[in-house]
Amino acid sequence: MSRVLLSALTAFGLLAAASTAQAAGNPDEGKKSFAKCRACHQLEAGKNTVGPSLAGLFGRKAGTAPNFKYSDAMAKSGITWNEDTIAKYIADPKGNIPGNKMVFPGIKKESEVADLIAYLKDATK
């Protein structure tokens, strides 16, 4: 293998590792970002307010939290919440699921979304 190719592969591996580390997010920073969500969402199971409780979020089908009236768009979205679907939704709620009721404009900064997800992964268990 040539040195150029080996150098390129090594650099790619380091970049991929750095990208993965960034994608993991910082839960402490995510807790701060959750302040934007707390006006409408709670972490306690069954505690719905303007938005549904986020307890048990990961692995749950969108539009199925008990005792919350979802928009038809959310209920029929077919989404199951995981890191990828949450990241896409949080970045652009209205663009990702047109017709949903969430008025939040979204979080555009990828690192902030990653931090929020890192926090929610533990906080919503």
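**Reading the faces of helix α5**

Guide: On helix α5, the exposed residues Asp84 and Lys88 sit on the face turned away from the buried side of the helix. This is a predicted model, in which local features need pLDDT of at least 70 and side-chain atom pairs count only at pLDDT 80 or more, while totals for chains, interfaces and linings use all residues. Residues are numbered from 1 along each chain as its sequence is written, and side-chain values use heavy atoms, with hydrogens and water left out.

Visitor: Which residues of α5 are buried?

Guide: They are Ile86, Tyr89 and Ile90, where buried means under 20% relative accessible area, exposed means over 50% and partly exposed lies in between, with a 1.4 Å probe and protein chains only.

Visitor: How do you know that the buried residues of α5 line one face of the helix?

Guide: Looking down the axis of α5, the buried residues fall within an arc of 95°, so they line one face; the arc is taken from the directions that run from the helix axis to the C-beta atoms. Among the elements that cover these buried residues are α4 (72-75), α6 (93-96) and α7.

Visitor: What makes asparagine 82 a cap of α5?

Guide: A side-chain oxygen of asparagine 82 lies 2.9 Å from the backbone nitrogen of aspartate 84, at the N-terminal end of α5. A polar contact is a pair of N or O atoms within 3.5 Å, where within protein one must be able to donate a hydrogen and the other to accept it, and residues adjacent in sequence count only if both atoms are side-chain atoms.

Visitor: Why is asparagine 100 called buried?

Guide: Asparagine 100 has a relative accessibility of 3%, and therefore it counts as buried, although this residue is found in the loop between α6 and α7.

Visitor: What lies 2.8 Å and what lies 2.7 Å from a polar atom of the side chain of asparagine 100?

Guide: The backbone oxygen of proline 93 is at 2.8 Å, and the backbone nitrogen of methionine 102 is at 2.7 Å. Contact asks for heavy atoms within 4.5 Å, and, leaving aside neighbours within four places in sequence, the residues in contact with asparagine 100 include Ser71, Met74 and Tyr89.

How values were computed: Helix = DSSP H or I, 4+ residues; strand = E, 2+ residues; numbered from the N terminus.
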